[in-house]
Amino acid sequence: MHFGILTGGGDAPGLNAVIRAVVYRAVAGGHSVTGFVRGWKGLLENTSRPLGIEDVRDIHKLGGTILLSSRTNPYRVEDGPAIIAGTLSAHGIDCLIAVGGEDTLGVASRLSAAGIRVLGVPKTIDNDLNATDYTFGFDTAINAVTDALDKLETTARSHERVIVVEIMGRHAGWMALHGGMAGGAHVILLPEEEFDTNEVCAILKKRYEAGHRWALVAVAEGAVDPGLSRQVMHSQEKDAFGHVQLGTGIGIGEVLAGEIEQRSGLETRHVILGHLQRGGPPSAFDRVLGTRLGVKVVEMAEEGATGMMASLRGGEIVAVDLAEAVGTLRTVPLERYAVARVFFG
Ligand code: F6P
């Protein structure tokens, strides 16, 4: 068989582990692999490179993606799906492997319904994809959050300050939740539940009054206090999948820090972790997960699968329907948030 592979959306540590595993397992099975560059854009613009063992040797240790990535949506391009079908047939691709999150896999699912042979591999640091227990990239990202909170703790303690840490996650707060829990944040705020800044101030003041005169607040970039007087202002530009570009303009971390200081009188600073959460080498967990997914997806193709995704379920890598994974995002259940609340203050 001749495989095509692409990586789309925001990069995630572990992408190169998937690419390497696909190539190694494909070559072992007597197949060949072509990598399309910059996600769906590579198929629209016919930009590709052959991938052999020497192209992928040891790359599982590297962050990012050797195939580059973009947020290109072929359904926003005139005749996009037809151009993709043409490129695939010109290369003689038997099966396309799309590695991505909800947006990339949503396109894969639509193309599959239109008769193109596609398989998916779930990726996102946000961990907000359905039909899989975890996505690779998440573990590395929450370790970065935890590391940042550990570092911020020492300076917050020394200066008796509150530090508000803005963490990626526009619709789902998994990173703020797990990173915040591991890093011992004293308040964690998620997009899943609106918050009240006065309640945050009350928790912090009580903590200070009890003699613990420093605090860390972990806030997901998509968390909302409807009553905030100062406004969160993002660029109004949207990407090809219709998402507002958070991380531009004035984010919730900055606004919340200002409000906390004004309302409580506690000296407060803010830090936006931003793309530090997505960069750098993948954790051991993400290297292994990416590798297992890459091997599995080639096996699935050999067994004749289409419209399916390799997925982590209960510790095993299994095949699930692509359609099951897309359409809605997997957000944090409120009972999981309740576990974190036990440690507030
Ligand atoms: O989709 C992953 C993600 O990291 C989100 O958490 C974040 O809002 C977004 O990407 C940032 O995207 P960009 O790299 O385009 O700024």
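Begin with the whole protein chain and think about who touches whom. Among contacts between residues at least 6 apart in sequence, 75% join residues at least 24 apart. Keep in mind as you look around that this is a predicted model.

Stay zoomed out for a moment. The C-alpha trace spans about 70 × 40 × 30 Å along its principal axes. With 345 residues, a compact globule would have a radius of gyration near 20 Å, and the protein chain, at 21 Å, agrees with that. Switch to a cartoon view and you'll have 12 helices and 13 strands to explore. Buried residues account for 54% of the 345 residues.

**Stop 1: the two domains**

Colour residues 2-137 plus 282-326 one way, and you have domain 1. How many residues of domain 1 are in contact with domain 2? There are 17, and they meet 17 residues of domain 2.

**Stop 2: the largest nonpolar core**

Now show side chains for Ile5, Ile97, Phe136, Met175, Leu189 and Leu204. Out of the 80 residues in the largest nonpolar core, these six touch the most other members. Which helix gives the most to this core? Select 138-159: that's helix H6, and it supplies eight residues. Domain 1 and domain 2 both give residues to this core, so it lies between them.

Go back to Leu189 and zoom in. Leaving out residues up to four places away in sequence, its contacts include Ala176, Phe195, Val200, Leu256 and Tyr337. Leu189 also touches Val217, Ala218, Val219 and Ala220, and Ala223 is on its list as well.

**Stop 3: an open sheet**

Next, pick out strands S7, S8, S6 and S11. In that order, they make an open sheet of four strands with parallel pairing. Which strands stand at the edges? Select 187-189 for S7 and 268-272 for S11: each has a single partner strand, so one side of each is left without a neighbour in the sheet. From one strand to the next, the twist averages 15°.

Then focus on S6 (residues 162-167) and S8 (residues 215-220). These two run parallel and are joined by six bridges. To see one of them, click on Val162, whose bridge partner in S8 is Ala215.

**Stop 4: two loop residues with positive phi**

Last, head for the loop between strand S2 (32-36) and helix H2 (40-44), where you'll find Arg38. Arg38 has a positive phi of about 65°, although it is not a glycine.

Move along to the loop between H2 and strand S3 (48-51) and select Asn46. Asn46 isn't a glycine either, yet its phi is positive too, at about 55°. Its relative accessibility is 43%, so Asn46 counts as partly exposed.

Note on methods: Residues numbered from 1 in each chain as written. Heavy atoms only, no water. Pairing = 2+ DSSP bridges. Axes fitted to C-alpha atoms, helices over the stretch in contact; angles between N-to-C directions. Core = buried A, V, L, I, M, F, W, Y, C linked by side-chain atoms within 4.5 Å. Buried < 20%, exposed > 50% of the residue type's maximum accessible area, 1.4 Å probe, protein only. Domains from an automatic or database assignment. Contact = heavy atoms within 4.5 Å. Rg over C-alpha atoms; globule rule 2.2 N^0.38 Å.
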